[in-house]
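Thanks for asking me to look through this one with you.

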Amino acid sequence: MKRMFCALFVLAGFAVTAPAVNAGVLDDVKNRGVLHCGVTQGLPGFSSPDDKGNWTGLDVDLCRAIAAAIFDDPNKIKYTPLTAKDRFTALQSGEIDVLSRNTTWTLSRDTSLGLNFAGINYYDGQGFMIRKDKKVASALELSGASICTQTGTTSELNVADYFRARNMKYEIVSFTTADETLKAYESGRCDTFTTDVSQLYAMRLKLGNPSDHTVLPEVISKEPLGPVVRHGDDQWFDVVKWVLFAMLNAEEMNITQKNIDEAVKSPNPEVKRLLGSEGNFGEQLGLTRDWVVRIVRHVGNYGESYDRNVGIGSKLGIERGLNRLWNKGGIQYAPPIR
Amino acid sequence: MTTRTFVRTAFAPNEPPPLEADSTASRFARSLFATPANFALTVLSVGIVALVLPPLIRFLFLDATWSGTSRDDCLANAGACWPFVRAKFGQFIYGFYPAAERWRPNLVLAFGALLLAPLLIPAAPFKRTNALLFFGVYPVVSFVLLTGGNLDLQKFLLGRFLQWTTVAGVGFGIGLRWAFWTDFLFSAVVIVALVAALAALLRASVFAAVTAAGMVLAGLGIILLAVDLDFGLAPVETRSWGGFLVTLIVAVTGIVVSLPLGVLLALGRRSRMPAVRYACILFIEFWRGVPLITVLFFATYMLPLFLPRDVTFDTLLRALIGVALFAAAYMAEVVRGGLQSISRGQHEAAAALGLGYWRMMGLIILPQALTLVIPGIVNNFIGLFKDTTLVLIVAIFDLLGQIRASFADPNWATPVTLYTGFAFAGVIYFVFCFGMSRYALYIERRTAAYGRGS
Amino acid sequence: MKRPAAESKAAAPPRRGGSLAADPRFRAFVVQAILLIAIVWIGWTLFENIRQNLAAQKIASGFGFFGETAGFGISQTLIPYTEESTYGRAFFVGLVNTLIVSALAIVFATILGFAVGIARLSRNVLLARLAEAYVEVLRNLPLLFQILFWYLAVLGTLPGPRQSTPLLGAVYLTNRGIIFPKIGLEPGSGIVFGALGIGFLLALILRFLQRRQMLMGSERRSFGWLTLLLIVGLPALAFVLTGAPVSLKWPELRGFNFVGGARLNPELLALLFALSTYTASFIAEIVRAGVLAVPRGQTEAAFSLGLSRRTTLRRVVAPQAMRLIVPPLTSQYLNITKNSSLAAAIGYPDFFYVFAGTTLNQTGQAIEIIAITMAVYLAISLATAIFMNWYNRAIALKGA
């Protein structure tokens, strides 16, 4: 009887197998009819679910834009919330198609983890949050402090570098999740909480009394955040990359969700190329000609997405700063579509 | 001449009369205040009770906030904030299981209780049918109810190797579901033929072999059909499961899978075939030597690396596999204890009756051994129930995980939220574990009394 | 699939030229061959899958990362470690942290467990009930629950360093842990430790001689006071003669934290409290069962021989009870070691957290790291088991 059970188990194992991976991720996604998108477990402004399980945020908008470009429907997405720890494994194992989860682009992640960063949708840097009553004005005054951080992030390494380079003493206290880290900071286990500045602003909203806390002016690292795909599928890599560039180009040409219908009729050759009434750039990517129209209609351009989720129009209220377009004093610069 | 150490040369002083000789009241008094040391211990005990009990009662009942809708209602009192528990109750029990679909987990829990109760009461009839329902039918029904079923199976054995069913399914326009079932039928025929050939080769009864193989395949087919059919239930991803529901799922799956697996391993460990024995010993000792959290970690984050690239497993399922294998190793040791306590005479008597190995085990040895180790099995289950909390380390939110997550909610941030959450979780865990341990004790006494009587 | 055939034939007497399946030796051979083939096949498939997956993801495997600079900080390091140290060193830092918390928890749990177990057998009704309540409550709550409780609800709610008031003059209970004066060693302290060592050695020799004397049947003298003098007196003498070569370093609040004194992190304390009190409830039950299992006749016989209560306990009950206590105690010790990996939930930098957590994340060498982690826990389990088996043999009935 018992050996039958074993046989049953093995057979059941075969039966549960998912469909085989075809030529590429884009075809898989098209066949499947839904995009698998890896996001955070809840980071206001970047990716967070509301009470009904609807996801919003800057990173979520990128996934919505990809889904819009492929299906003309930004809601054909299955979101997979991931911790900092398991995000790469999930991508490597094929559980998700794209990781859009405020992930810093570094050389080692690009190479030894077998990943490709498809661009930068948010230029960030690491900072410190501290209680106002500690009366600290600069990170240079933090010598001897206890610092809370999340393990397995670049923040953990940057803070070590920063203090070591300035010969300052510190005590590192690391936790597995962002919530645990914040809780420890709030309970007074640490003097300061360090992570990317954008995340500090987002996490501050989760504190009992946000106005008691301030973010110090120093930014101690470069944290270019962007979407990530697996090595080895250049077509999919191009799709993700160019969806982001399309959103930036749309902002540069002042094409918004509101004026998209007029823009389609624009005589401007640049706009015509972008919106697919001239050339077949979308088809070259394996998409349709009107891919950018779909993106802008459903999701909006980069600037709109920024303002809605993290910028002045949102609860976070973060200045555009580095994330302005290149012609407005920032460094967001997308290659042209032609 | 030397004197030995323990030789007494004078009479020992008389002992005081035994306690039983006194009245209850004076016995009680003597037990508390007989000697100065005893008196000191009494004072110490009273001190500890006085230190712990009154603040606890005050926190839980007297100073507690009983009604309210927000954190402001709780800020005034120093006691527990019960409105917090009421507001989060759904989350603590079901996680993020959609509110409209919560009747499904409720139904599963009700079925479970209905099947388990008569299984646990020794006097209740139909044990065999009941066990079959609980271990065979109930898991499938629960699976369909909780996930929504409708797995949309696409290929079975042959499809895996030949890839032709997918082609056929698409090519002839019969759809993938039908392709799967044609594949299943063909595979079944091939397997039965192989078994028959093997039986013939060994000059064993072909008919018996074919019947057995056919029954296994039929059973498998029914299970697959159940999970494949569309019952019109909305699919609910395991990601949105949580709270006490997950605690129970992990614990019950662990026990349901680990029991048969544990019996097999225990038998294997006592086998006279060296390869079987050593394989089982290695398996058991490996799982018992590593912490559960490494197992969970492995199952959650590394299993994908060990599987073919096109196979993906659900996160919760991965954790369940880890827990079940881990529990099986411990279960094997409990069962082995039972097997060892069955006297050789039973084996010899069974062999003398002409019973083969499996009949000897199934009809004579295991029924006795398993009855003996029921308390051990229940204790194992208690351990498993407590160990389910570890899944929160691999980002699955069980009861404790949900409660911990709720501490981060700024809308309920009060000085007493933390204690209230712990009190609630503590009471639930205690009631379940304590109840089960009493049950184990009851069965133990009953078995012992039975043994004496016969 | 051929099981039913084998079984049905096994029941019948073997025919002449009958089924091969009825031959037990042939059956054993087939079953084992199938099992071995299955194991090898599964192992090979898994290996092949890993190889393909790693190749597809361009993950290089190997143990070279041990020599690379770790770059992250660890909050509790008992061996020298800085951010410039290698992953290899981080490995040992974590291992030492695991061993230290396990060793301390084993000591405390044993003491507390024996105390509670004996208290449960006390004739003092109140004390016995109290001990019973302790056991029932503690062992029926999940360990992780208790760790989180200690960490979040008890230690986490202590005042910050600035708000805390000292106990006994210089011990501060804060949410950063317990801070107390550090004993600094000055030159010359080596002599005191040397004296302590010599004292222990002499006491051991004394005990050995005493044992021999007893076996020879000569009169037994108590050397208790002499042993005490050797262990305590000798170092004390050395301490005075070398002119008290220690200095107390008092903690003082400077900037954000206390500087100077020594500190026990709240993560360590929470893990230690929870592990000790939780395991103690199991040890208490083991002790109680062990003592109760000694037949009452043994005690009565000892009493009627005129042995005092104390001697009866020491010479008659305890040796017999210990034989029953030690094997289950071993598995409790193993549990402590394994359970210490729950440190990950509160960020105590134990072996699992530092190695399978942070190091794994920074290097991405998942297979190697998880394999090493499991091997290390297996090795610790094995070592503990071997030691306890040796101890078990040492106290077992001789010549039985």
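**Notes on the model**

1. Let me start inside chain A, where 15 residues of domain 1 of chain A are in contact with 12 residues of domain 2 of chain A. On the domain 1 side, the residues that touch domain 2 of chain A divide into eight nonpolar, five polar and two charged. Please keep in mind throughout that this is a predicted model.

2. Where do the bounds of these domains fall in chain A? Domain 1 of chain A is made of two stretches, 21–123 and 224–328, while domain 2 covers 126–221. Taken over C-alpha atoms, the centres of domain 1 and domain 2 of chain A are separated by 29 Å.

3. Now for chain A as a whole. Chain A has 14 helices and 13 strands. Its radius of gyration is 22 Å, close to the 20 Å that the globule rule gives for 338 residues, so chain A is as compact as a globular protein of that length. Along the principal axes, the C-alpha atoms of chain A fill a box of roughly 75 × 60 × 40 Å. Of the 338 residues of chain A, 54% count as buried. Among the contacts in chain A with a separation of 6 or more, 72% are between residues 24 or more positions apart.

4. Chain C gives another picture. Its radius of gyration is 29 Å, whereas a compact globule of 400 residues would have one near 21 Å. The box filled by the C-alpha atoms of chain C is roughly 95 × 70 × 45 Å, taken along the principal axes. In chain C, 37% of the 400 residues count as buried. Of the contacts in chain C between residues at least 6 apart in sequence, 66% join residues at least 24 apart.

5. Leu173(C) stands opposite Ile178(C) in β2(C).

6. Next, the contact between chains C and B. It takes 65 residues from chain C and 67 residues from chain B. On the chain C side, the elements that give two or more residues include α1 (3–11), α4 (125–139), α5 (143–154), α10 (309–339) and α12 (366–395). The largest share of that side, 12 residues, comes from α2(C). By class, the side of chain C that touches chain B has 42 nonpolar, 15 polar and eight charged residues.

7. Chain C also meets chain A, with 26 residues of chain C in contact with 28 residues of chain A. Two elements of chain C give two or more residues to this side: α2 (24–57) and α11 (351–363). Which of the elements gives the most? That is α11(C), with three residues. The side of chain C that touches chain A has seven nonpolar, 14 polar and five charged residues.

8. Is Ala343(C) buried or exposed? Ala343(C) counts as buried because 27 C-beta neighbours lie inside 10 Å. Not counting residues up to four places away in sequence, Ala343(C) touches Leu271(C), Tyr348(C), Asp350(C), Phe352(C) and Tyr353(C). Leu268(C) is 75 residues from Ala343(C) in sequence, yet the two are 8.4 Å apart in space, C-alpha to C-alpha.

Note on methods
Residues numbered from 1 in each chain as written. Chains lettered and ligands numbered in written order. Predicted model: local features only at pLDDT ≥ 70, side-chain atom pairs only at ≥ 80, totals over all residues. Rg over C-alpha atoms; globule rule 2.2 N^0.38 Å. Buried ≥ 20, exposed ≤ 12 C-beta atoms within 10 Å, placed from the backbone. Contact = placed C-beta atoms within 7 Å. Helix = DSSP H or I, 4+ residues; strand = E, 2+ residues; numbered from the N terminus. Nonpolar A, V, L, I, M, F, W, Y, C, P; charged D, E, K, R; others polar. Pairing = 2+ DSSP bridges. Domains from an automatic or database assignment.
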